[in-house]
Amino acid sequence: MRPTRPAAIPRFVGRFVVPALVAALFAAPLWFMLVGSLRPAGRPPPRTLELLPPEPTLAAYARLPELIPLFRYLANSALVVAVAVPVTVLVASLTGFGVRLLPPPARRRAVLALLAVLLVPVTAVWATRFELFRLVGVVDTYVPLLAPAVLAGSPFLVLLYVWSFGGVPDSQIGAARLEGAGWLTVWRRVALPQVRPATLAVAVLAFTFHWSNLIDPLLYLHSGDRYTYPLGLQFLRLLNPTDWPLLMAGCVVATAPCVVVFLLAQRILLDDDPLAALRSGGRR
């Protein structure tokens, strides 16, 4: 039996132990929320960390549709996300590619302008946006909820694409132009396939924002049949603020889609890793 080399221990700690501890740190609140949702009705939250409640039950999940129109709210949120995420990716990628094509001085000015817009707090434009949407007559519709997607969601997403498109060589863009490709063709067939990780990151961030958005539905939606799930979860908290398992069940339902989307995106990124492909090819 070979003795363990001293250098292998730090490598093992850095490769497995540290990532496991970091993953446990981020997963602990999710587990605490899941365990809290399995407690019997009326039970207070545990005072100490517990792996499972004494008498686990799914009664809190069964009671959710009885208090709020759960499936209606989930369908409304899914509708907003299904429209907003592709629009956000499209606008952010086109804007980022346009900034990438600018000459270096103009590109720097555009990046500084995006950073300046990023520093403006969202609360500073709430009143102006509401008045604008009221004058247009789109209050109590999904238009105000989808409007951020038309503006790429956030300047940060545009900057992420600008940084990613910066890795596309000018020679490839120039060669495509010499072959007669238009700018949209260059964006779609040359630049965009090379920034797939950025596209996945933007899609996940846009999904998380629109799925968990509470302020915009609270400001603009008045009809109950149009409420999204975060707004319904807020009403659930007001209806029954002391039922801890019920509130935790509602939070689990709200968090689960974000966790699933993140895990799927991570799986796609790992499958798309060129180093992983080379390593697997070298073992054949």
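# Buried residues, pockets and a cavity

Me: What kind of model are we reading, and which residues does it use for totals?

Reply: It is a predicted model: local features need pLDDT of at least 70 and side-chain atom pairs count only at pLDDT 80 or more, while totals for chains, interfaces and linings use all residues. Residues are numbered from 1 along each chain as its sequence is written, and side-chain values use heavy atoms, with hydrogens and water left out.

Me: How far apart are G174 and V186 in sequence and in space?

Reply: They are twelve residues apart in sequence, and their C-alpha atoms are 9.4 Å apart. V186 is one of the buried residues of helix α9 (residues 183-191), together with W187, V190 and A191.

Me: What makes those buried residues of α9 line one face of the helix?

Reply: Seen down the axis of α9, they fall within an arc of 115°, so they line one face; the arc is taken from the directions from the helix axis to the C-beta atoms. On the other side of α9, L184 and R189 are exposed. The buried residues pack against α3, α7 (155-165) and α8 (170-178).

Me: What makes a polar contact with the side chain of N76?

Reply: The side chain of Y142 does, at 3.2 Å. The term asks for a pair of N or O atoms within 3.5 Å; within protein, one must be able to donate a hydrogen and the other to accept it, and residues adjacent in sequence count only if both atoms are side-chain atoms. Beyond its neighbours within four places in sequence, N76 is in contact (heavy atoms within 4.5 Å) with Y142, D225, R226, Y227 and T228.

Me: Where does T228 lie, and why is it called buried or exposed?

Reply: T228 lies in the loop between α11 (215-220) and α12 (229-239). Its relative accessibility is 4%, so T228 counts as buried. With neighbours within four places in sequence set aside, its contacts are Y73, N76, S77, V80, L145, N213, P217 and L221.

Me: Which residues line the largest cavity?

Reply: T228 is in that lining, along with S77, V80, L145, H210, N213 and P217. On a 1 Å grid over the protein atoms alone, a cavity is a set of points where a 1.4 Å probe fits but cannot get out, a pocket is an open set with protein on both sides within 12 Å along at least five of seven lines, and lining residues have an atom within 4 Å of a point.

Me: How much space lies in the largest pocket?

Reply: About 670 Å³. Of its 23 lining residues, V122, V125, R129, P148 and G153 are the closest to its centre. Helix α5 gives the most to the lining, with five residues. By class, the lining divides into 17 nonpolar, four polar and two charged.

Me: Which elements each supply at least two residues of the lining of the second largest pocket?

Reply: They are α1 (8-37), α10 (196-212) and α13 (244-271), and α13 has the largest share, four residues. This pocket holds about 240 Å³ of space. F26, A27, L30, V204, T208, C258, V259, F262 and L263 line it.

Me: Finally, where do D140 and A152 lie, and why are they called buried or exposed?

Reply: D140 lies in the loop between α5 and α6, and A152 in the loop between α6 and α7. D140 has a relative accessible area of 15%, so it is buried; A152 has 2%, so it is buried too. D140 has a positive phi of about 70° although it is not a glycine, and A152 likewise has a positive phi of about 70° without being a glycine.

Technical notes: Buried < 20%, exposed > 50% of the residue type's maximum accessible area, 1.4 Å probe, protein only. Points joined across faces, edges and corners; volume = space filled by probe spheres on them. Nonpolar A, V, L, I, M, F, W, Y, C, P; charged D, E, K, R; others polar.
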